[in-house]
Amino acid sequence: MVAVVVIAVIIGGTAYYLSIPPPTPTKPQPTIPKLLVIDHNMYPITSLNQLLDIQMLPWPNYMAFTHFQTLVSVNLTSYFKEGRIEFLPCLATSWEISEDGKTYIFHLREGVKFDNGDPFNSYNVWVQFYGFYWLASNGSNFMYGLSLFDVRNVEYGPATVEILNRSGLANPTTEALAIMEDKSWPIYCEGPYKIVFRLAVPFAKEFFFGMLTGHQGLLYDAQYLLDHGGYGEPANLNPYFNEHVFPGTGPYKVDEVAVNSYVKFSKNPNYWGNQLSKAEIKANAMLDPGHVDQVVVNTKLDDFTRYTDLATGQAHMAAILSENWRLVKANLNFSYAAFETPARNIAVVMNTVIFPTNITKVRLAIAHAIDYDRIIEQVYFGQAVRYFGPNTPNYGTFYNPGKLPPYQRDLDKARRYLEEAGFPNGKGLPSLELKIGSGDTIGMLFATIVQENLGEIGIDVKILSLLPALINAPVGSYQFNLEHAEEIGHLRLNGGYAPDFLSPSNFWLAFVSNRSLWGNTGIYSSPKVEWAVDKFSQTANTAEIIEALKIAEEQIWNDAPIAWVCTTKLWMTAGSYVWDNRIVKSVEFDPNWTGVTDSPLFNTVIFVGEESP
Amino acid sequence: MSRLSYVVRRMLLAMFVLFGVALITFTLTHAISANPVVAFLGKAASIHPEIAQAYIERFHLNEPLYIQFWYYIVGVLRGDLGYSWTRGAYVSNVIAQTLPNTLQIVFFALLMTLALGIPLGILSCRYYNRSPDHGIRAFYLAGICSPAFFVALVLLLLFSYFLRVLPTGGIISVEVARPQRVTGFIILDSLLEGNWAALVDTVKHVLMPSMALALGNFGYLVRLLRSSLLEVMQTNYVRTARAKGLSERTVFLKHALRNALVPVVTLAALMTMWLVGSAIFVENIFAYPGVGHYLAQALGNLDYAAILGITLVFTTMIVLVNLVADILYTVLNPAIEL
Amino acid sequence: MIRMRRTKISRFLKLYTSNVSACVGFSIAAGFVILALVVALGGYWVLPYNPLKQNVGPAFSPPSWEHPFGTDQVGRDLFSRVLYATPNALFVSAVIIGWAMIIGMLLGSFSAYHGGRVDEILMRVTDLFLALPGLILAIAISVALGPGLNNMMYALMVGWWPAYARMARGEALRISRYDFIEAARAAGLGSGKIVLNHVIPNLVTTIMIYATVDFGQVIMVYAGLSYLGLSVQPPMPDWGAMVNYYQGYVVSAPWLPLFPGLVIAIVVVGFGLLGDGIRDAIESQT
């Protein structure tokens with residue numbers, strides 16, 4: 001008897017709970033906080049060891065651009081509001097580029113110190129770059145896998161490090177200088193404030209500067225590296241730096257690290273930009289010395305936890321993902337990061353090597369069957385726009401130079417393509433495999449919609465949810481993918497690929513070229529496209545490159561290896577950083593579009609009640 | 001058979017069990033063809049194959065399975081459980097950091113189970129087959145029959161979202177100063193240091209996970225105590241005590257309860273086992289940095305070393321707990337033959 | 001002999017039906033089984049909506065008359081999905097319990113009957129399997145073999161039978177001492193025949209009672225593994241997996257994770273009440 005009552009109470013209670021509206025966020029204090037609390041959803045993968053930068057880690061890198069800085073920085077205003085990439089001086093005050101696009105000379109800012117007092121100079125940069133060379137097992141491809149440098153004269157190893165150890169980098173000995181200023185090496189110094197990069201192939205400024213603002217461009221204190229045991233080995237990095245963060249030149253320094261929990265920052269009193277004028281900061285927001293004394297970035301894995309923190313005022317900013325996005329949208333006190341020139345590239349990639357997706361008409365049918373608008377509406381909350389890739393709109397003139405229209409859903413057309421291919425209504429087609437990672441809730445949502453869409457024209461799609469460790473097992477370079485074509489499956493979702501570095505060449509190389517080092521799961525290659533991709537490293541004349549891209553794009557449109565779905569405006573694709581707009585007025589984000597990090601640039605947070613610069 | 005030889009035999013069995021578990025788990029987790037280095041490095045493995053190669057050589061991943069197993073066993077005997085990809089640290093270090101957190105939850109869950117279970121068990125016996133008995137049964141049935149993750153979700157919704165009295169997750173709030181790490185048990189460390197703010201805060205954080213586990217568990221205790229008490233109350237031993245003229249309460253507390261608690265002790269030991277296993281779900285929901293949380297992460301990323309290491313550690317704990325339970329049982333009840 | 005049995009059974013039923021909670025348990029359990037069979041045999045057609053079809057209603061609509069459990073983020077009807085997943089639970093539990101009973105009974109009774117060395121060895125093996133951390137091992141096996149209903153069942157089977165073997169052995173030991181077994185042995189019947197024809201039939205009742213209670217436990221463990229993603233793959237609905245899938249929406253759309261979890265709890269409670277009722281009825285008889 002009592003059991004029945006209890007069960008009834010449970011069911012009734014559930015119904016009652018469901019009718020209660022969620023609590024409204026508490027009213028914040030009017031004063032500007034002393035400690036800015038940010039809730040992120042991931043701790044830097046592996047550790048905080050900046051030596052992992054050659055492995056494109058740690059990611060997300062909470063220290064990027066706030067603690068570590070780069071030689072040049074991206075103009076955030078022109079990038080996010082106008083879709084134009086422009087580079088501004090940061091740790092390099094000026095530069096000279098040769099006509100042939102092969103020699104880059106940087107003049108470094110004088111008087112800059114790391115937060116521990118060590119001086120910043122060209123020798124420091126030199127040691128860091130040759131460190132990449134050493135950690136790539138002395139490979140010439142140490143910059144993002146591209147063979148940009150001729151390293152035949154380079155001899156860098158423990159012996160060199162010994163010499164540097166004895167010498168120190170603040171005032172190097174003649175012995176050390178002989179090596180660091182040796183002009184036969186591809187990267188060399190000319191005095192403490194001038195460094196020269198001699199590339200083996202021409203590489204336009206847009207591309208090379210993009211590289212210098214990526215993972216491998218974040219400059220740390222190499223003297224600290226030498227003082228605490230050096231690099232270690234390529235597969236056995238010096239673990240000292242896992243929790244002891246390298247000193248940086250940026251506006252904030254790291255105070256405390258709790259692995260997998262949080263990182264605490266405070267203002268760097270030695271920051272060279274502390275005396276910048278308001279006008280200078282307005283011109284380059286990334287140099288902002290910061291408006292709050294202390295910052296903590298928390299890692300909280302659960303979306304609900306982050307939302308509650310935000311709602312109760314325990315966090316001023318939080319990453320809120322799709323699960324609780326509806327609550328954010330409904331609340332006028334919350335603002336979030338959404339960008340006018342979107343850059344996350346979402347696509348359905350089709351395997352051009354295995355049957356039946358190796359038939360062009362089949363691919364065209366698929367490309368015309370997907371309900372792009374419903375995906376944008378239900379998966380990305382309407383915060384996305386259609387596009388035609390491989391580049392995304394933020395790349396300005398490099399984006400879709402031929403102005404080709406994106407594929408549109410047209411079921412009749414799709415059915416006709418299938419018929420012409422010899423599979424009327426899908427008869428004769430095997431089930432297509434669509435592989436996604438388990439735990440990828442957005443991907444799953446996306447996949448279920450695609451599955452239903454393709455079902456409408458008669459194509460049966462099987463969604464295979466694989467463990468994260470297995471989903472990328474058969475993916476690698478173009479050659480590797482070719483060998484693992486069956487394992488890759490027919491269809492793959494690209495749910496927001498992040499570029500390694502900010503450059504129009506990146507996606508072309510990654511998605512549609514046989515020189516791809518990772519990402520070409522369509523295993524696609526076509527002579528016209530390869531010819532265009534070659535241009536990136538044959539000439540520094542961007543106009544010529546753009547003309548070539550136009551031709552390549554037409555080829556891609558007709559071959560349809562990839563159904564470009566949309567680019568998302570929300571910072572985290574199906575969610576974003578959210579803040580209480582009664583406390584925070586504005587904030588900027590990493591221009592690399594999560595190529596380096598996706599946490600806010602907390603030195604740019606401006607509070608309500610402050611006057612903005 | 002003397003107690004010593006019994007213990008020795010049990011320990012030998014335990015080692016055999018551990019070896020078997022290691023072998024099975026090792027074979028199974030390595031049976032999948034995926035290369036853990038590539039899975040871990042992802043894009044970097046393709047862009048810099050030389051780095052991947054260096055990792056492979058460092059961890060002997062290109063050797064045949066039996067050689068890898070050999071290295072693994074040798075390592076384990078030295079206390080080295082391997083390198084964990086997902087954390088970028090040695091498995092033994094990570095487990096050393098996370099295990100105390102799980103044990104904290106288990107400890108509090110056990111306390112709550114006893115606190116709930118013993119009184120309710122006694123009441124159940126007192127009011128045998130009357131409404132309180134039925135009510136208690138409904139309550140504990142709801143508990144043991146609800147999956148741990150469901151209970152956790154409900155508690156989360158209730159206490160964190162609607163009532164706002166308990167924090168949503170984690171082990172300590174970020175504003176509170178952490179105590180120095182002495183024992184590794186953050187609650188104990190706070191107590192030792194006299195850091196009351198941290199103590200209160202960490203206890204608040206451990207309440208919901210422990211409650212979720214306890215609610216799913218105390219039912220077994222109630223049920224066992226109830227039947228055990230009922231049985232004891234019928235025995236000659238108790239009848240004699242009553243006949244002697246002792247008060248009902250003395251009879252109950254001194255004679256009946258003491259004997260009825262014997263199986264409860266062994267159950268408590270076994271429950272620890274179950275609690276540790278269920279911690280994986282609860283830690284997941286409350287993002288409590290314990291071993292369960294680590295295991296969930298390791299599973300997704302096929303972090304072999306971590307999965308193996310955790311399995312071995314768990315099995316060791318279970319075997320030890322079983323051993324202790326058996327010994328306790330014989331101590332409390334000398335009539336039992338070994 | 002037979003009449004004694006019949007009166008025993010009718011007395012049992014009387015005691016059982018007088019206990020209300022046991023009746024509730026029985027109706028829940030019976031309801032579950034019937035529902036599972038109906039859905040398994042009937043497929044989509046018996047359900048209010050196609051559980052896999054999207055946009056049958058507006059996305060994220062809370063519980064209403066058209067959609068008693070509400071809809072999810074692509075507009076699928078949750079009620080249909082929960083119902084559609086019922087046969088899975090029944091199938092898995094039936095297979096696991098069936099297997100555990102058979103292996104357990106055979107092994108346990110054989111071991112008890114023979115005694116001596118054979119008994120020692122078999123029980124050590126059982127102990128070994130009993131000592132294996134069930135859940136962890138199940139997870140490890142499922143991970144190794146890959147996700148999927150069948151693989152998960154193999155994983156669970158490894159861990160489930162030892163308890164039955166132990167219990168069967170205990171019961172068999174008790175039975176082996178009965179006179180009629182001695183008589184059979186004296187009559188010259190082979191050990192196998194004795195075990196099969198005499199020992200086991202007397203075990204069956206006790207084991208089956210335990211199995212009924214255990215049924216609910218299997219469902220719960222299965223829900224746990226399904227929650228970890230080791231069972232059926234999406235978009236096929238499955239109770240535990242659904243709780244995980246919708247877990248993130250616990251605040252913005254609480255009906256999504258709560259209803260599947262509630263259903264799991266109710267079914268397991270049903271079996272629990274059923275088992276308790278049976279146990280009480282038998283105990284009151286003695």
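Predicted model: local features only at pLDDT ≥ 70, side-chain atom pairs only at ≥ 80, totals over all residues.
**A friendly note on chains A and B**

1. Let's begin with how chain A is divided. Its domain assignment gives domain 1 (38–251), domain 2 (263–337 + 571–607) and domain 3 (344–568).

2. In the contact, domain 1 of chain A takes part with 20 residues and domain 3 of chain A with 17 residues.

3. On the domain 1 side of that contact with domain 3 of chain A, helix H6 (residues 205–212) of chain A gives the most, namely four residues. Sorted by class, this side of domain 1 of chain A has 11 nonpolar residues, six polar and three charged.

4. Next, the place where the two chains meet. Chain A brings 44 residues to the contact and chain B brings 35 residues. On the chain B side, at least two residues each come from helix H2 (36–41), helix H3 (43–47), helix H4 (49–58), helix H7 (131–145), helix H8 (148–162) and helix H14 (291–301) of chain B. By class, the side of chain B that touches chain A holds 18 nonpolar, 14 polar and three charged residues.

5. Finally, a word on confidence. The average pLDDT of chain B is 80, and 93% of the residues score at least 70. Among the elements of chain B, the highest mean pLDDT (90) belongs to helix H10 (residues 196–215) of chain B, and the lowest (71) to H2(B). Helix H2 of chain B is also one of the helices that supply residues to the side touching chain A.

Conventions: Residues numbered from 1 in each chain as written. Chains lettered and ligands numbered in written order. Contact = placed C-beta atoms within 7 Å. Nonpolar A, V, L, I, M, F, W, Y, C, P; charged D, E, K, R; others polar. Domains from an automatic or database assignment. pLDDT = per-residue confidence, 0-100.
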